[in-house]
Amino acid sequence: MQLEVRHEKSVMVVTVINARIDAQVAEEFKNQMFQFISEGNLNILLNISQVSFVDSSGLGVIVASLKQLNGQGQFAICNMNDAVVRMFKLTRMNKIFKLFDSEEEGLNYFANLSTD
Amino acid sequence: MQKKADIENSYSKSDFQQSILYHVRYSTGNDWDNVSVDDLYKAAALSIREYLIDGMLSTSKRYNDQNDIKTLYYFSMEFLMGRSLGNNLMNLGIFDLAREALEDMGVDLEEIRDREKDAALGNGGLGRLAACFLDSLATLGMPGYGYGINYQFGLFKQEIDNGFQKEKPDQWYNENSPWLISKPEDACIIPVYGKIDHFEDMDGNYNPMWMDWKILIGIPYDFPVIGFGGKTVNFLRLFSAKSSDEFDMSIFNDGDYFKAVEQKIASETISKVLYPSDSIAQGKELRLIQEYFLVACSIRDITRKYLSQNDSFDNFHKKVAIQLNDTHPSLSVAELMRTFIDEYDLEWEKAWRITEKTLGYTNHTLLPEALEKWPVPLMEHVLPRHLQIIYEINNRFINYAKNILPNHPDAIRNMSIIEESNPKQVRMANLSIIGSHSVNGVAEIHSGLVKERLFPDFHQLWPEKFNNKTNGVTQRRWVLKSNPLLSKLLHEVIGDGWITDMSQLSKLEKYMSDSGFLANILQTKKENKERLAKVIFESTRMRVDSDTLFDVQVKRIHEYKRQLLNVMQIIHQYLTIIEDKKDLVVPKTYIFAGKAAPGYKMAKLIIKLINSVANVVNKDPLVKDQMKVVMIPDYKVSLAETIIPAADLSEQISTAGMEASGTGNMKLSMNGALTIGTLDGANIEILEEVGAENIYIFGHTVQELQKMKQDQSYNPREFYDNHFHIKRVMDIMGSNALCSDISGLFQPIYNKILREGDYYFHLADFQPYIDAQEQVSLDYHQPEKWAEKVVVNIARMGKFSSDRTIQEYAHDIWGIKPCL
């Protein structure tokens with residue numbers, strides 16, 4: 001599982017390099033995400049612009065990551081393609097995550113949070 | 001491309017021949033010198049397919065060009081299409097051209113038509129009704145499509161071994177059928193299984209999430225359905241469950257490739273086999289998944305198509321009508337709601353309004369115990385999100401119903417979607433009624449019983465939802481195609497208008513006293529009987545005489561249809577000859593055909609009984625060929641097309657109140673068979689049309705049987721003790737006279753009638769049946785009088801065209817119109 005990580009102020013931007021988040025990579029993806037959170041990264045913007053498909057185990061990791069934050073931070077997602085959006089709607093996950101069309105919009109959201 | 005787009009004018013023999021030669025060479029890979037009959041069938045079908053595809057494209061364009069067109073989608077787990085080559089040639093209007101073209105090439109069209117395997121994607125009446133409806137929709141130029149499952153194995157092939165039914169798998173062409181057009185680009189990805197994660201959304205509201213599902217992939221295959229005249233070609237869309245490695249990779253842009261591959265075997269099983277009866281399917285996880293697979297693929301396909309032309313779902317119910325053929329597709333209620341709410345964020349109330357206005361439900365079941373239910377734990381395992389939605393629908397419904405009927409707790413309990421049993425059950429009929437704007441039965445008597453007996457509480461709540469749509473059959477297949485001799489005679493006498501307007505058959509009435517016409521009618525029947533006699537000989541090696549009365553009972557073998565009553569009457573006739581030394585008024589050939597569900601022991605025993613009686617009767621020299629009994633194996637649509645035109649007498653003898661409609665009764669009557677039947681299903685409406693003097697009605701009415709049940713006054717033993725004829729027949733069945741090789745074989749039948757209450761009232765109706773049969777013989781003995789009755793039956797069958805049925809559905813329920 002290839003993830004690219006950078007920090008924008010208090011936000012950790014995690015960009016998924018893989019084209020798929022599925023059963024083959026789900027465990028590793030989960031471990032890495034949990035590691036980031038345990039290291040104190042509580043505001044995470046997941047950029048999945050390069051992901052063309054997420055299966056149910058991949059979706060499960062994203063939900064588990066949100067749970068892992070335990071309400072202490074924010075988890076947002078940006079740059080989802082239509083197929084991934086459909087999977088989010090199918091599961092109703094679109095109702096529990098902030099979803100943004102671009103990384104910039106996502107970062108603005110976090111910036112506004114800190115100023116509120 | 002306009003190669004063959006003008007399908008009304010462009011046929012020529014040489015075009016057709018060129019196309020055949022092309023496909024023999026390039027589709028089957030053979031030289032003309034080495035071509036087999038199977039190759040010729042395939043080449044002919046592929047040649048016709050080109051016309052069908054052109055017709056489909058032009059029809060689709062015609063529909064699309066009309067902005068506000070509403071489309072009907074007919075959801076059915078069964079479509080009993082039968083063979084298509086002859087039907088397609090007939091409806092294209094090039095049957096004679098094709099026959100002559102092939103003749104010039106030294107090929108017999110009949111021989112290659114006979115090679116086509118039936119598409120037996122159904123059990124019986126329900127599936128054949130769906131096929132007839134598609135024919136009528138296309139002929140009427142209405143935008144209406146069938147949605148079903150592309151079973152690899154249709155209904156089993158029946159063989160008779162030592163009198164017993166043996167089942168063999170029947171693999172039709174499936175995806176290799178020349179009629180099917182694969183549409184992988186329209187593949188549907190369907191989730192199943194999983195669990196609900198109870199979460200809150202960002203506003204703190206409850207947000208259930210459907211997680212950990214597995215993937216099913218449905219590939220559509222379109223089966224063109226051409227209307228008479230060829231102007232309209234609709235299609236039946238059949239979904240195959242496929243794993244991922246066999247088609248275009250682009251599907252996996254939104255698919256779960258690796259899981260799909262892992263699930264290859266499991267997922268392809270979904271469309272592997274048609275369940276041979278509702279009772280066998282009950283409670284089976286695979287069947288539930290099949291029903292869901294059909295519904296989910298279809299709704300995904302329909303919503304995708306709708307959204308390609310519309311921005312919101314506001315007008316969905318104005319553009320889309322979905323009819324549920326029995327309860328099998330009733331998960332549509334939950335799947336439509338899930339789609340609207342979860343995937344497109346519609347508010348519950350709005351989603352519900354659209355769902356209800358979109359769906360209509362046809363009930364085919366009269367027996368409360370036969371209504372489909374699914375255990376809640378199984379539903380939760382397979383479809384956890386749908387179960388949640390069903391619970392929510394039920395909660396809202398119960399609150400509503402309690403307001404309307406505040407002091408009727410029993411009614412509320414009866415109407416609840418959830419049956420409070422252990423385990424709890426989801427009642428699919430209740431789900432369908434609550435989620436549909438229309439609930440219809442399929443014959444007048446049936447629709448009445450649906451309201452009064454089956455769902456009285458729903459009827460009290462929503463009387464306006466309930467209506468009747470008496471079944472019908474397509475005269476194109478059941479007269480024009482299956483009975484060319486009668487069709488030719490009709491053509492000579494009244495023209496061809498009846499092919500698309502069956503009420504025109506009434507023009508025959510003025511020929512009722514025309515002795516020349518009556519003689520021709522009888523001659524036509526005789527030739528059809530000779531054709532059937534050949535088929536009987538080929539399949540059973542038994543010779544039957546076409547001068548005898550052909551007494552026909554062809555349908556699924558079931559106790560309520562009472563093949564047993566027929567057999568008892570045959571035994572009675574046999575004993576009349578050999579013990580009472582009385583000759584029959586007319587010699588008779590009793591013809592049976594039909595399959596029993598593999599797990600239905602009593603029905604299978606009845607098949608053995610028929611064959612055992614045949615064995616005794618046919619070999620007894622004392623009978624002197626006055627009667628013969630034959631069971632033709634492997635009843636299917638193509639066999640029905642040979643048997644029905646040859647029948648003199650149509651046996652429609654179900655226990656009153658148990659046959660919803662029947663359609664065999666209509667097919668036989670319009671082919672000039674007189675009906676001997678009970679006051680059940682559409683028999684009653686046939687009686688109304690032809691008059692009491694042209695049909696042989698006997699037996700107890702629904703009300704009389706109901707009263708006997710309520711009073712517990714029916715005692716079959718009394719009939720046995722007090723009627724010599726009955727005792728004699730029962731004693732033979734209880735003895736080993738009919739089964740010398742297996743002692744006591746038919747004892748269960750004897751016990752069921754005399755010791756277990758005779759649930760289907762055989763003995764109550766036995767003497768009236770014998771009397772009716774005697775009247776049949778007396779009338780048949782006077783050929784001209786009989787022929788008059790035959791003509792009345794043919795002339796007055798206009799009501800029973802599926803064109804009339806479809807026009808009623810279109811006007812009253814679907815709101816669709818012809819688009820010509």
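# Burial, charge and salt bridges

Student: Why is Asp135(B) called buried?
Tutor: Asp135(B) has a relative accessible area of 5%. Buried means under 20%, exposed over 50% and partly exposed in between, with a 1.4 Å probe and protein chains only, so Asp135(B) counts as buried. The model is predicted: local features need pLDDT of at least 70 and side-chain atom pairs pLDDT 80 or more, while totals for chains, interfaces and linings use all residues. Residues are numbered from 1 along each chain as its sequence is written, chains are lettered from A and ligands numbered from 1 in written order, and side-chain values use heavy atoms, leaving out hydrogens and water.

Student: What makes Arg476(B) and Asp135(B) a salt bridge?
Tutor: The N to O distance between their side chains is 2.9 Å. A salt bridge needs a side-chain nitrogen of Lys or Arg within 4 Å of a carboxyl oxygen of Asp or Glu, so this pair qualifies. Arg476(B) lies in helix 20 (residues 475-481) and Asp135(B) in helix 6 (residues 125-139) of chain B, so the bridge ties together parts 341 residues apart in sequence. Helices (H or I, at least four residues) and strands (E, at least two) are DSSP runs, numbered from the N terminus. Arg476(B) is also buried, at 0%.

Student: How do you know that Glu641(B) forms a salt bridge with Lys481(B)?
Tutor: Their closest N and O atoms are 2.5 Å apart, so they meet the same cut-off. Glu641(B) is in helix 25 (residues 637-643) and Lys481(B) in helix 20 of chain B, so parts 160 residues apart in sequence are tied together. Both residues are buried.

Student: Why is Ser38(A) called exposed?
Tutor: Its relative accessible area is 57%, which is over 50%, so Ser38(A) is exposed. Ser38(A) sits in helix 1 (residues 23-38) of chain A.

Student: Is Asp108(B) buried, exposed or partly exposed?
Tutor: At 41%, Asp108(B) falls in between, so the word is partly exposed. Asp108(B) is in the loop between helix 4 (95-104) and helix 5 (109-113) of chain B.

Student: Which residues does His762(B) touch?
Tutor: Not counting residues up to four places away in sequence, they include Glu559(B), Arg562(B) and Tyr714(B). Contact means heavy atoms within 4.5 Å. His762(B) lies in helix 32 (residues 762-780) of chain B and has a relative accessible area of 4%, so His762(B) is buried.
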